Amino acid sequence: MKAENIAANDSANESKTVLPANIEAEKALLGAFLNNNEHLNKVADFLLAEHFFVPIHGKIYEAIQRFIERGMIANPITLKNFLEKDEVLVKAGINS
């Protein structure tokens, strides 16, 4: 194979590269925040919603942050009521 063909194949493969993701780890992290809101303080300075691979996880993370910033408790019950009103999440099936 010629060098230019190898280079072309390499650049084509680079455009198909998918970032690594661990969806179970995302779920566990969100669960830890809901179990103990204080855990969010340890990562809030650097963890952003955009860091989550699953967009819904990012929205849940943002909701948890908002609750905690307002001095409210973020837990599955309080978030469920809040997130059920988000049309994007309802269409994605979060209320099931």
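**Exercise 1.** Leaving aside neighbours within four places in sequence, list the residues with which glutamine 65 is in contact.

Solution. Contact means heavy atoms within 4.5 Å. With neighbours within four places in sequence left aside, glutamine 65 is in contact with Leu40, Ala44 and Leu47. The model is a predicted one, in which local features need pLDDT of at least 70 and side-chain atom pairs count only at pLDDT 80 or more, while totals for chains, interfaces and linings use all residues. Residues are numbered from 1 along each chain as its sequence is written, and side-chain values use heavy atoms, with hydrogens and water left out.

Glutamine 65 is found in helix H4; helices (DSSP runs of H or I, at least four residues) and strands (E, at least two) are numbered from the N terminus. Glutamine 65 counts as buried because its relative accessibility is 17%, where buried means under 20% relative accessible area, exposed over 50% and partly exposed in between (1.4 Å probe, protein chains only).

**Exercise 2.** How far apart are asparagine 41 and glutamine 65 in sequence and in space?

Solution. Start with the element: asparagine 41 lies in helix H3, which covers residues 39-43. Asparagine 41 has 46% relative accessibility and therefore counts as partly exposed. Then take the distances: asparagine 41 and glutamine 65 are 24 residues apart in sequence, and their C-alpha atoms are 9.5 Å apart in space.

**Exercise 3.** At what angle do helix H2 and H4 pack?

Solution. The axes (lines fitted to C-alpha atoms, for helices over the stretch in contact, with angles from 0 to 180 degrees between N-to-C directions) come first. Helix H2 (residues 23-35) and H4 pack at about 15°, and their axes are 11 Å apart. H2 is therefore roughly parallel to H4, since angles under 35 degrees count as roughly parallel, over 145 as roughly antiparallel, 65 to 115 as roughly perpendicular and the rest as oblique.

Now the handedness: H2 passes H4 in a left-handed crossing (near helix turned anticlockwise from the far one by less than a right angle; right-handed if clockwise).

Finally, the residues. H2 contributes Ile23, Glu26, Lys27, Leu30, Phe33 and Leu34 to the contact, and H4 contributes His57, Ile60, Tyr61 and Ile64. They divide into seven nonpolar, one polar and two charged; nonpolar covers Ala, Val, Leu, Ile, Met, Phe, Trp, Tyr, Cys and Pro, charged covers Asp, Glu, Lys and Arg, and the others, Gly among them, are polar.

**Exercise 4.** Which residues does histidine 57 touch, not counting those up to four places away in sequence?

Solution. Histidine 57 is found in helix H4. At 8% relative accessibility, histidine 57 counts as buried. With residues up to four places away in sequence not counted, histidine 57 touches Ile23, Glu26, Lys27, Leu30 and Phe52.

**Exercise 5.** Where do the axes of H4 and H5 stand in distance and crossing angle?

Solution. The axes of H4 and H5 come within 11 Å and cross at roughly 110°. H4 and H5 are therefore roughly perpendicular to each other, and H4 passes H5 in a right-handed crossing. From H4, the contact takes in Ile60, Ala63, Ile64, Arg66 and Phe67; from H5, Thr78, Leu79, Phe82 and Leu83. By class, the residues of this contact are seven nonpolar, one polar and one charged.

**Exercise 6.** How many aromatic pairs does the protein have?

Solution. Rings of Phe, Tyr and Trp (its six-membered ring) pair if their centres lie within 6.5 Å; planes under 30 degrees apart are stacked, over 60 edge-to-face and the rest tilted. The count comes to three aromatic pairs. Phenylalanine 52 and tyrosine 61 form a tilted pair, at 5.3 Å centre to centre and 45° between the planes. Phenylalanine 52 is buried at 8% relative accessibility, and tyrosine 61 is buried at 0% relative accessible area.

Phenylalanine 67 and phenylalanine 82 form an edge-to-face pair, at 5.4 Å centre to centre and 80° between the planes. Phenylalanine 67 lies in H4 (residues 55-69) and phenylalanine 82 in H5 (residues 76-83), so this pair ties together parts 15 residues apart in sequence. Phenylalanine 67 is buried at 7%, whereas phenylalanine 82 is partly exposed at 29%.
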